[in-house]
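Trainee: Could you walk me through this one? I'd like to start with how it is put together and then pick at a few details.

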Amino acid sequence: MAMHVIFPGPRTMIQDKGRLGYQNSGFAPSGFMDRVASHMANVLVGNPDSEAVLEFCFVGPALFFDEEVNVAVCGGDFGIEVEGKKYPADKAVHIPAGSTVRITTGKAGLYGSLAVGGGLDIPEVMGSRSTNLRCGIGGYKGRILMAGDVIRLRDPSNGKQDLSWRWVPERRLVSPEDPGITRVRVIRGPQEDMFTEEGIRTFYESDYVISSHSDRMGFRLTGPPVEAVSGCDILTDGIVNGAVQITGTGEPIVMMADRQTTGGYAKIASIINVDIPLFAQLRPGQMVRFERCSMEEAQRLIREAARAWEQHCRMLDESDPSKARKVPAAGFVLKSGGMQSRDAAYPVRTGGWKNRGIGDGRKDSRSALWRKNGR
Amino acid sequence: MEFKIVPVGDSALTIVFGSKIDPEISRIVRVARKFLAKKDIEGVNEYVQTYATLMVHYRPVDIGYHELAAKIEEELSQMDPEGERLKKKTILIPVCYGGEFGPDLPTVCAHAGLSKEEVIRRHSSVDYLIYMLGFLPGFVYLGGMDHSISTPRLKDPRERLEKGSVGIAGDQTGVYPMISPGGWQIIGRTPLNLYDHDREDPILYEAGEFIRFVPITENTFREIQKQEDEHSYEYQWIREE
């Protein structure tokens, strides 16, 4: 009843929604780098969306499962190989007991989230299973995974279910081979007035390259320096996910999941919440251009995304074929089955969903969804 | 009491009470943090106190910026910063100064032109105000160090400072809750686990409280360290009546 790590990959670790509520004591919140991918992978294998996943960076792990289970990988352009047979990402893949699973890396994206059906038996530390490498807490023994690590599965019955019908909306990531520059929307930062007009123009009109000195703590960008009026030092204040700081050299650093809670550099902008997962998927060498967005618009986008995701989860729940057989009447609304989210930014709320009347019976509605998704 | 509220990204806002390091501003920030935390405002995740600001992390799916800012403004208008005077609370942190625990104590003595005993006396005779925590879990930004023992940082930062290292950097003093690289002049070490995720309060203190360093011998250091490992050490507090 366990997952055995054969090859860990360079930076594979356990992450969930993050360790919330301890920033005032100096704890980084940690958590998913690509929240959307992690939520999707979890929902594909029937987990609550903020369940802990294996997060890997660029190179995925090789794992051996001694029990049958469903897994799914989302995020960058990755693939799954089970005993040499290839399966696509963004789908639940049934792993027979005693098989080896390998992850292949494709053309786009940096972070992958591998969800295991029923969840991993990892203790919560201060309310979260997220690994905090700096403190050596959370995840598997507070560290990145190593060959030989064994993690037990929490629900051995997950492998008995057929989850291959579940699907998630398609996402398109910009590959380094694409000619385009990724546009990332930002809100005016709290210290924008510390920069000259020329500096602000530089920031919004230049292409910045993701530096190889980037990690879960922050992404460094190289490009034209942003001119400050007189230095970038401020009286230390709080830092948010996606905050764009300008350091003494004038180059931007974007603060990510393992960021420090407070800092003394001026923040020219903040990446909007719905664009952070896409930004996190940019590989070193890829280019980014910042675009202004209003705070009100950013909040509207958050609500819209949360609503769409909530609806999608409801729809999956209601088209569950194992439940459908028990429901003879058309249009009967099933109670949600454990799709509650504990994620802070995107709680999946159960209220407010209306039966949209797709199809007549459960089975038909499912095929309607399949057609809609084009698969 | 004056303050202004500014949005920071789409999921946080900052309440700005001032723009300098000042015990009175810090006190107001702390009173506001405690006051607002009690109100249990729907949609708020957490409050983060810094020198002169209070950052509020919230969920925009539950409350929009303008609604939350109005709510905070209304709540704070009800707050009496004088009526909410919080009692002084000081934690005693035992420190073994000098020797292998404080390799830079001679540097600090030479820079200050003072004897070892006098530097230790000046360092341990102040109640330091915890302005804020940040950088590392439990890392304190303290105020109130005697200027006569100020010493510049090391030119070459050390790759590894041991957990509990007590140091001086310019006008600042502080203690490293965990192993970390750092450029501070290390003058001693505490045997306390300033951070322990198994403890009910992983961090012993919070912004607005005080720290007093208490000199101990190497034998006492070992003794307390043993008690800490067994979770039997009783933390020493001085509480204002």
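**Domains, contacts and core**

Mentor: Bearing in mind that this is a predicted model, the domain assignment divides chain A into domain 1 (2-160), domain 2 (182-293) and domain 3 (304-373).

Trainee: How many residues does the contact between domain 1 and domain 2 of chain A take from each?

Mentor: Domain 1 of chain A gives 19 residues to that contact and domain 2 of chain A gives 12 residues, while the centres of these two domains, taken over C-alpha atoms, are 29 Å apart.

Trainee: And which element gives the largest share on the domain 1 side?

Mentor: On the side of domain 1 of chain A that touches domain 2 of chain A, the largest share, 3 residues, comes from helix 1 (residues 35-44) of chain A. The residues of that side of domain 1 of chain A are 9 nonpolar, 8 polar and 2 charged.

Trainee: What about chain B, which domains does the assignment give there?

Mentor: For chain B the assignment gives domain 1 (4-77) and domain 2 (89-239), and their centres, again over C-alpha atoms, are separated by 30 Å. In the contact between them, 8 residues of domain 1 of chain B meet 6 residues of domain 2 of chain B. Helix 1 (residues 23-39) of chain B supplies the largest share of the domain 1 side, 4 residues, and that side divides into 3 nonpolar, 3 polar and 2 charged residues.

Trainee: OK, now between the chains: how many residues does the contact take from chain A and from chain B?

Mentor: The contact takes 36 residues from chain A and 39 residues from chain B. On the side of chain A that touches chain B, strand 15 (233-238) and helix 4 (295-318) of chain A each supply at least two residues, with the largest share, 6 residues, coming from helix 4 of chain A. By residue type, this side of chain A consists of 20 nonpolar, 14 polar and 2 charged residues.

Trainee: Switching to the inside, which residues touch the most other members of the largest nonpolar core?

Mentor: That core has 158 residues, and A:Ala41, A:Leu44, A:Val71 and A:Ala72 are the ones that touch the most other members. Helix 4 of chain A gives the most to this core, with 7 residues. If you want to look at one residue, A:Ala41 touches several residues beyond four places away in sequence, including A:Val53, A:Ala72, A:Leu114 and A:Ala115.

Trainee: Which residues of helix 4 of chain B are buried, and where do they sit around the axis?

Mentor: In helix 4 (residues 116-123) of chain B the buried residues are B:Val119, B:Ile120 and B:His123. They lie on the same side of helix 4 of chain B, because the arc they cover around the axis is only 95 degrees. Among the elements that cover these buried residues are strand 5 (89-97), helix 3 (105-112) and strand 10 (172-175) of chain B.

Trainee: Last one: why does A:Thr104 count as partly exposed?

Mentor: A:Thr104 counts as partly exposed because it has 14 C-beta neighbours inside 10 Å, whereas a buried residue needs 20 or more and an exposed one has 12 or fewer. A:Thr104 belongs to strand 9 (residues 99-105) of chain A, and, leaving aside neighbours within four places in sequence, A:Thr104 is in contact with A:Phe78, A:Gly79 and A:Glu81.

Key: Residues numbered from 1 in each chain as written. Chains lettered and ligands numbered in written order. Predicted model: local features only at pLDDT ≥ 70, side-chain atom pairs only at ≥ 80, totals over all residues. Domains from an automatic or database assignment. Contact = placed C-beta atoms within 7 Å. Nonpolar A, V, L, I, M, F, W, Y, C, P; charged D, E, K, R; others polar. Arc of directions from axis to C-beta. Core = buried A, V, L, I, M, F, W, Y, C linked by C-beta atoms within 7 Å.
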